[in-house]
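Thanks for asking me to look this one over.

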Amino acid sequence: MSLLEVDGLHVWFDLPDGGQVHAAAGVSFALDAGERFGLVGESGCGKTTTILALMGLLPPSASVAGEVRVAGRDILAGGEDSVRPYRWKDIAMVFQGAMNALNPVKKVGWQIAEPMAYHGVAAGSAARRRAAELLEMVGISASAADRYPHEFSGGMRQRASIAMALACQPKILLADEPTTALDVMVQAQILELLTRLSAELGLALVLVTHDLPVVAQVCERAAVMYAGEIVETGPMDALYHLPRHPYTRLLFAATPDLYGEEEVVSIPGVPPRLDEEEAGCPFRPRCDVVLDRCAAERPALRLVAPGQQAACHRNEAAGAA
Amino acid sequence: MTGTGPVGTGVPLLEVDDLAARYPVRRGLTERLARRPRRWVHAVDGISFTLARGEMMALVGESGCGKTTTAQTILGMVAPVRGAIRLNGTDIAGLDERRMRPLRRSLQMIYQDPYESLDPRFRVRETVEEPMLIHSIGGSRAQRQELIVSALERAGLSPARAYLDRYPHELSGGQRQRVAIAAALALGPALLLADEPVSMLDVSVRAGVLSLLDGLRRDGDMGILMITHDLSTAAHFADRIAVMYLGRIVEHGPAGDIVRNPQHPYTKALLSVVPKRDPRQRSTPQILTGETPDPVDVPAGCRFHPRCPVAQDRCRSQDPGLRLPATAASPVHRAACLLA
């Protein structure tokens with residue numbers, strides 16, 4: 001049994017005109033304490049939807065199916081509301097742009113202590129003490145607890161929002177594009193912090209980003225999402241060196257590398273609309289190695305190597321994608 | 001440098017010479033009453049470079065290093081406090097609006113966010129046509145239509161007729177950025193400034209927009225100055241890279257030399273923290289502590305010395321100029337470090 005098990009998660013959003021968008025379609029992954037897992041893909045592929053579902057924070061227009069187990073307990077059994085007792089205490093999240101969402105008129109230390117009181121973890125001076133410890137843990141001096149967000153740099157605010165997420169000692173941390181708006185040097189500092197916290201606290205880290213090199217440097221394993229589905233998952237090394245889904249290969253080929261000599265090529269076309277189920281492989285219109293059966297049959301995620309799964313018909317035809 | 005002018009003249013397309021620009025720091029009421037002296041943000045503090053026709057140069061650095069102010073000064077949006085900006089040999093630094101206007105045509109800018117830079121009420125046709133009307137390009141409607149179509153096709157929006165009547169909300173991010181590029185191309189600019197042209201776009205389309213810019217400068221004599229924080233992109237697409245820190249260029253040279261044989265400790269640190277695609281290449285990032293200091297109080301001596309891992313005593317007092325580093329492989333490589 002893994003610490004976090006996501007099993008066949010589906011999310012649909014109701015559209016105002018009566019239609020539905022199938023934003024996450026049978027997403028499954030699992031991770032252990034201290035493990036760092038990446039969720040990558042283009043915008044609109046379902047990464048953020050997936051982790052918001054784990055937090056029980058989807059808007060009312062969403063409906064959810066599937067299981068999300070934390071240490072064996074299904075936290076989604078009674079729908080989104082049943083996540084509440086686990087939220088922040090077992091599973092916490094650093095939101096995209098969190099550093100710009102701190103309350104400007106409250107001291108940073110207060111903002112870190114507040115969720116502790118709300119969740120009955122600590123209150124009063126104990127909460128203040130713990131807030132100071134958390135700040136030290138994320139690399140900010142404890143005396144900064146009495147300062148306001150505007151007195152912090154972008155990097156410090158992002159550290160503070162990580163401290164806030166850790167206030168109730170969660171076992172799982174979901175980080176949505178935690179370094180996207182930051183400079184490279186500050187990005188490196190934050191990634192180092194997340195790696196250290198995951199190792200020291202045994203945190204299971206889910207890193208959501210469109211930035212493959214960031215995942216390559218931080219995570220041991222990753223899942224590549226496309227059109228609401230995981231199309232390939234496995235060890236980071238295999239995803240880069242032996243990708244078994246064309247989308248994974250093309251995403252890497254579209255990403256410039258500092259020392260890369262080969263041409264950087266974009267992926268033609270755009271991701272499909274998710275408001276109508278289509279037959280066949282959702283990546284087919286953009287794929288460079290289409291087979292006849294790709295139009296009719298939707299490929300399922302299959303084991304292609306130890307610990308590596310891919311949803312591509314090519315893998316049955318022999319040879320990598 | 002490699003800049004050559006219209007055949008035989010030897011005049012580079014763009015010559016920036018000891019350019020400096022600053023912004024006043026807003027003073028509070030108490031400061032004004034106490035008659036404290038006005039303080040300045042020294043955003044750009046004496047930079048020089050040239051750009052040749054058909055060349056792409058990348059200006060890289062972290063936020064606040066002065067790369068965007070440099071572009072704004074070249075465009076005439078910010079008046080420089082000193083220095084020259086010569087476009088085809090003519091100094092355009094600090095020209096007034098009236099004299100700047102005819103030059104704007106040859107000086108176009110591509111902005112970071114195509115979701116913000118296009119007017120949502122304008123169809124693609126109008127977005128590309130408007131600057132042509134302002135600059136009186138294309139005599140008749142039919143002539144303009146022809147120019148619009150050709151600009152869109154050059155920007156990779158083909159067939160152009162399929163895009164003419166669309167609104168920005170009907171286009172993807174990559175297509176919007178291509179419309180912005182087409183609107184610039186319609187004026188036949190000599191110099192294109194591109195400020196983080198792909199950072200708002202999806203990974204899958206970035207390469208396409210960058211290759212488009214690359215192709216445009218290669219098959220014409222347009223020069224491109226690309227401003228980016230992304231060293232991997234700069235390494236791939238630019239001929240030369242200039243690294244800025246606190247308002248100064250601290251290192252510049254051919255892109256390959258900067259990436260593979262960096263000489264300035266700041267460049268070395270920046271390169272070390274760029275995440276690599278290959279998980280096997282997990283280098284130890286050389287993480288600098290703290291963040292770039294405030295450009296209001298620039299450190300004495302070498303402005304990088306407070307964060308420099310190899311700083312010596314003399315670095316605290318001596319301000320190093322750009323010079324050919326001892327171990328440089330290229331004769332045009334320059335670094336501003338006493339130890340290089």
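1. What should the 12 residues of helix H4 of chain A span, and how far apart are its end C-alpha atoms? Bear in mind first that this is a predicted model. At 1.5 Å a residue, H4(A), residues 154–165, should span 16 Å, and its end C-alpha atoms are 17 Å apart, which agrees.

2. The buried set takes in Gly155(A), Met156(A), Arg157(A), Gln158(A), Arg159(A), Ala160(A), Ser161(A), Ile162(A), Ala163(A), Met164(A) and Ala165(A).

3. Now the overall form of chain A. Its secondary structure is made of eight helices and 12 strands. A compact globule of 321 residues would have a radius of gyration near 20 Å, and the 20 Å of chain A agrees with that. The C-alpha trace spans about 65 × 50 × 40 Å along its principal axes. Of the 321 residues in chain A, 52% are buried. Taking contacts in chain A with a separation of 6 or more, 63% are between residues 24 or more positions apart.

4. Buried residues account for 47% of the 340 residues of chain B. Of the contacts in chain B between residues at least 6 apart in sequence, 64% join residues at least 24 apart.

5. Next, the place where the chains touch. Chain A gives 32 residues to the contact and chain B gives 32 residues. On the side of chain B that touches chain A, the elements giving two or more residues are helices H8 (203–218), H9 (231–237) and H11 (265–272) of chain B. H8(B) has the largest share of that side, with six residues. Sorted by class, the side of chain B that touches chain A holds 15 nonpolar, eight polar and nine charged residues.

6. A helix pair in chain B is also worth a look. Helix H5 (residues 124–134) and helix H6 (residues 141–154) of chain B pack with their axes 10 Å apart, at an angle of about 115 degrees. The crossing of H5(B) past H6(B) is right-handed. From H5(B), the residues Arg125(B), Val128(B), Glu129(B) and Met132(B) meet Arg144(B), Leu147(B), Ile148(B), Ala151(B) and Leu152(B) of H6(B). That contact is made up of six nonpolar, no polar and three charged residues. A helix has 3.6 residues a turn, so residues three or four places apart point the same way.

7. Some backbone details in the loops may interest you. In the loop between H5 and H6 of chain B sits Ser136(B), which has a positive phi of about 50 degrees although it is not a glycine. Ser136(B) is exposed, having 8 other C-beta atoms within 10 Å. Glu177(A), in the loop between S7 and H5 of chain A, likewise has a positive phi, near 45 degrees, without being a glycine. Glu177(A) counts as buried, with 20 C-beta neighbours inside 10 Å; the cut-off for buried is 20 or more. In the loop between H6 and helix H7 (173–185) of chain B lies Pro159(B), and the peptide bond from Ser158(B) to Pro159(B) is cis, with omega near -5 degrees.

8. Finally, where in chain A is Gly19(A) found? Its place is the loop between strand S1 (4–14) and strand S2 (20–31) of chain A. Gly19(A) counts as exposed, with 12 C-beta neighbours inside 10 Å. The C-alpha atoms of Gly19(A) and Asp275(A) are separated by 6.8 Å, though these residues are 256 residues apart along the chain.

Definitions and conventions:
Residues numbered from 1 in each chain as written. Chains lettered and ligands numbered in written order. Predicted model: local features only at pLDDT ≥ 70, side-chain atom pairs only at ≥ 80, totals over all residues. Helix = DSSP H or I, 4+ residues; strand = E, 2+ residues; numbered from the N terminus. Expected span 1.5 Å × (residues − 1). Contact = placed C-beta atoms within 7 Å. Nonpolar A, V, L, I, M, F, W, Y, C, P; charged D, E, K, R; others polar. Rg over C-alpha atoms; globule rule 2.2 N^0.38 Å. Axes fitted to C-alpha atoms, helices over the stretch in contact; angles between N-to-C directions. Left-handed = near helix turned anticlockwise from the far one by under 90°.
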